[in-house]
Amino acid sequence: MSDVALSDKVSIVGGRDAVTAPRPLPDGMVRVLSLSGLLIFWWALAWLKADPMVLPGPQIVLPRLGVEAMSGALWTHLGATLWRVAQAFVTAMSLGLVLGILMGLMPRLNRWLDPWLVFFLNLPALVVIVLCFLWIGLNETAAIVAVAINKIPLVTAMMREGARALNGPLADMAQVFGMSRMARLRHILLPQLAPHLASTARSGLSLIWKIVLVVEFLGRGQGVGFKIHLHFQMFDVTMVMVYALSFIAVMLAIETLILQPLERRARRWREA
Amino acid sequence: MSLQVAIRTKRFGATDVLRDLAFQVARGEVLAVLGPSGVGKSTLLRILAGLDTAFDGQVRREGRLAMVFQEPTLMPWRSALDNLRLTTGVNAQQAEAALSRVGLTGKGALYPGQLSLGQQRRLSLARAYAAKPDILLLDEPFVSLDQTLVEDMLALTESVIAEQRPATVFVTHARAEADRLATRQMMLTAQASA
């Protein structure tokens, strides 16, 4: 009885869907609407609090952001942070990629290195940063190394999963037909790892910039983290928000303009 | 002689899977390897293909090798044409010709996922054809196909082998397929083992 009722219902919904259901909004539009909602939520909170010293609304923060951008200071600090993010990102991704593939493909190596991985995965970011500054000094190298060390274990763990899921028969096929090492890397290995690489890159980037901010907060004289530290000491909430928001905007832009198109390209064959 | 095989033993753990196996396959010959499941047919083929080197004995292969696997084993992220070009090194024109040879004219731009299972099998055969092999290994290539498709693929495989005359080793458990394609047959039987 219930089966019949269910299937009746399904067929009615299907019919209505086909005729009258509105088409879903495009992703870009949803994104803009959703972020506008966040802006309104922030504005409402600020209005409720009614104390711009504690929570300034968008109508206070955005003009200050404009002033900071016009003066050029914003770009200097954004640039410094972005450069550190880029260096740490490239270092962590390439080392983690190699390590992860090796551990995924070589069970014996994995048995020995897995406890190390667990150790480094659980090492608090703050401890690594402080130790790097103490051991290497309060300089750029220490900053990049600290961020990379924080991120490498995560990339390794994610790429190891990717390498474990590699297709054995395809590797056999490549060997039988005598494909070159380069060709195997490009046409067999990397396409299989691409989805893992893409998700690792996205989660990696968001983690790395947060750690870079802590590094700058603790020991650099330039960058978004440094500015946040400075304005934190002066209890200038508006300026803290100016710098935080502008860097989030930069990261959103990188996500939308670089990472998402790359991911779409890598997934093209699935949708064909 | 294109393929010379002398296997003393192949073990998995303490079990002898293959023992005292010696044969040769010349160009133009088709050797069918028959036997029940689990008797070591696929293991033998992996040894012949060079995919399994952990055995006691010797395998001599002369010339280019190609293989048709149980599953189509295609790169799903590359077009049909690229699946031929990248594995065998032929140019686009030769790849098109190989596609036409197996009845896939005009399908070169499609991804394997856009082809039917029958077409994927044909593509897999086209890959072996494009490689112009001296040695061709067939690992139960018609298993799990419906009867009409088996007939199609058998006819196609037969004509491709007749055209290129490689030394062929054809693993199957279907006697009728062996009778159709093979010039010689070899039966693997389970050995008295612990």
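This is a predicted model: local features need pLDDT of at least 70, side-chain atom pairs count only at pLDDT 80 or more; totals for chains, interfaces and linings use all residues.
How many residues does the contact take from chain B, and how many from chain A? The contact takes 19 from chain B and 14 from chain A.

Two elements, β5 (65–68) and α2 (80–88) of chain B, each supply at least two residues of the side that touches chain A. By class, that side of chain B divides into 12 nonpolar, 5 polar and 2 charged residues.

Now chain B as a whole. Chain B has 6 helices and 8 strands. Along the sequence the pattern reads β-β-β-α-β-β-α-α-α-β-α-β-α-β. The C-alpha trace of chain B spans about 55 × 35 × 30 Å along its principal axes. How does the radius of gyration of chain B compare with that of a compact globule? For 194 residues a compact globule would have a radius of gyration near 16 Å, and chain B has 17 Å, so the two agree. Of the 194 residues in chain B, 43% are buried. If we take the contacts in chain B with a separation of 6 or more, 73% of them are between residues 24 or more positions apart.

Next, the sheet. Chain B has an open sheet of 5 strands, in the order β5-β6-β7-β3-β8, with parallel pairing. Its edge strands are β5 and β8 (184–187) of chain B, and each of these pairs on one side only. From one strand to the next, the twist averages 15°. So much for the overall layout; here is one pair from inside the sheet. β6(B) and β7(B) pair in the parallel sense over 5 bridges. Within that pairing, B:Leu137 stands opposite B:Val169 in β7(B). Helix α4 (residues 117–130) of chain B packs on the sheet, where it touches β5 and β6 of chain B. The direction of α4(B) makes about 170° with that of β5(B).

That brings me back to α2 of chain B. The axes of α2(B) and α4(B) come within 9 Å and cross at roughly 35°. The crossing is right-handed. On the α2(B) side the contact is made by B:Ala80, B:Asn83, B:Leu84, B:Thr87 and B:Thr88. On the α4(B) side are B:Leu123, B:Ala126, B:Arg127 and B:Ala130. By class, this contact has 5 nonpolar, 3 polar and 1 charged residues.

Chain B also has a hairpin. Strand β1 (residues 3–12) and strand β2 (residues 15–25) of chain B pair in the antiparallel sense over 9 bridges. B:Arg11 stands opposite B:Asp16 in β2(B). There are 2 residues between the strands of this hairpin, and B:Gly13 takes a positive phi near 65°.

Two other residues of chain B deserve a look for their backbone angles. Most residues other than glycine have a negative phi. B:Glu140 has a positive phi, near 40°, and sits in the loop between β6 (135–139) and α5 (147–164) of chain B. Is B:Glu140 buried or exposed? B:Glu140 counts as buried, because 21 C-beta neighbours lie inside 10 Å. The other residue is B:Arg165, with a positive phi near 50°. B:Arg165 is found in the loop between α5 and β7 (167–171) of chain B. With 14 other C-beta atoms within 10 Å, B:Arg165 is partly exposed.

Last, two items from chain A. The axes of helix α4 (residues 73–105) and helix α7 (residues 140–164) of chain A come within 6 Å and cross at roughly 35°. α4(A) passes α7(A) in a right-handed crossing. The residues of this contact divide into 19 nonpolar, 7 polar and 4 charged.

A:Asn139 counts as partly exposed, with 13 C-beta neighbours inside 10 Å.

Technical notes. Residues are numbered from 1 along each chain as its sequence is written. Chains are lettered from A and ligands numbered from 1 in the order in which they are written. Two residues are in contact if their C-beta atoms, placed from the backbone, lie within 7 Å. Helices (H or I, at least four residues) and strands (E, at least two) are DSSP runs, numbered from the N terminus. Ala, Val, Leu, Ile, Met, Phe, Trp, Tyr, Cys and Pro count as nonpolar, Asp, Glu, Lys and Arg as charged, and the others, Gly among them, as polar. The radius of gyration is taken over C-alpha atoms; the globule rule is 2.2 Å times the number of residues to the power 0.38. A residue is buried if 20 or more other C-beta atoms lie within 10 Å of its own, exposed if 12 or fewer, and partly exposed in between; C-beta atoms are placed from the backbone. Two strands pair if DSSP finds at least two bridges between them. Axes are lines fitted to C-alpha atoms, for helices over the stretch in contact, and angles run from 0 to 180 degrees between N-to-C directions. A crossing is left-handed if the near helix is turned anticlockwise from the far one by less than a right angle, and right-handed if clockwise.
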